[in-house]
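Q: Hi! I'm new to this one, could you walk me through it?
A: Happy to, let's look together.

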Amino acid sequence: QVWFNNLRSAYGWYHYGKTAGQADWMERAARVKEWSLSAPQQEGIFPAIYDLEAGEWWGSVPRLNGGRQRYHTANASWTAYWMLEWYEHLEPDERLLAYARAYGDFLVKTQLPSGAIPGWFEMEGLRPVETLKESAETACSSLFLAELYTVTGDKRYLAALRRACKFLIREVVPRHKYFDYETFFSCSWKEVGLTIHWLCM
């Protein structure tokens, strides 16, 4: 997930293993890649956390807006981004590209008319959650869509990226609404929408 993304760490591990001639580093990193690919996709989107003791996948961190039963697009987009980085720069594993494309197709299908990409989706029915439904979190998925278009050349992803960026330019930047899940659900929980006026002067 976004806070501590194992695939991102494994990317560096594999890269430096290759540079240093440490085959065991590369093998261990590759196991993290395999584990990431094992996360079950539901119409493209996928969970971020595996509870080893319970033997089950969670949509996202439980404290994040009811996370166990909700997929978090920031988590999925960041993980899928690193799948594309791995595919481009470390090894052309076609499974990584196929997994990322399936997720990209989900984003294209569920993008809102405003151009925003909802922060969370319920596992049941894949309904978008109202919390941070149209927020700066769209930027995280925009980064992924940009990379996906770069790798594939598929203009559907470019069109979705443009819609997302127009939303950010129209709704986020002029109002300085740069908040995301971290603002409200991290170490110091706050009510969504809370404004601290002295910080806004």
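Q: Is Trp-57 buried or exposed, or something in between?
A: Trp-57 has a relative accessible area of 23%, so it counts as partly exposed (buried is under 20%, exposed over 50%, partly exposed in between, with a 1.4 Å probe and protein chains only). Keep in mind that this is a predicted model, where local features need pLDDT of at least 70, side-chain atom pairs count only at pLDDT 80 or more, and totals for chains, interfaces and linings use all residues. Residues are numbered from 1 along each chain as its sequence is written, and side-chain values use heavy atoms, leaving out hydrogens and water.

Q: How many aromatic pairs are there in the whole structure?
A: A search finds 14. Rings of Phe, Tyr and Trp (its six-membered ring) pair if their centres lie within 6.5 Å; planes under 30 degrees apart are stacked, over 60 edge-to-face, and the rest tilted.

Q: Why is the pair of Trp-35 and Trp-57 called stacked?
A: Because their ring centres are 5.6 Å apart and their planes lie at 25°. Trp-35 is in helix α2 (residues 23–37) and Trp-57 in strand β2 (residues 56–58), so the pair ties together parts 22 residues apart in sequence. Helices (H or I, at least four residues) and strands (E, at least two) are DSSP runs, numbered from the N terminus.

Q: And what about Trp-78 and Trp-82?
A: That pair is edge-to-face, because the ring centres are 5.7 Å apart and the planes are at 85°. Trp-82 is buried, at 12% relative accessibility.

Q: Which residues form the aromatic cluster?
A: Tyr-11, Tyr-14, Trp-78, Tyr-81, Trp-82 and Trp-86.
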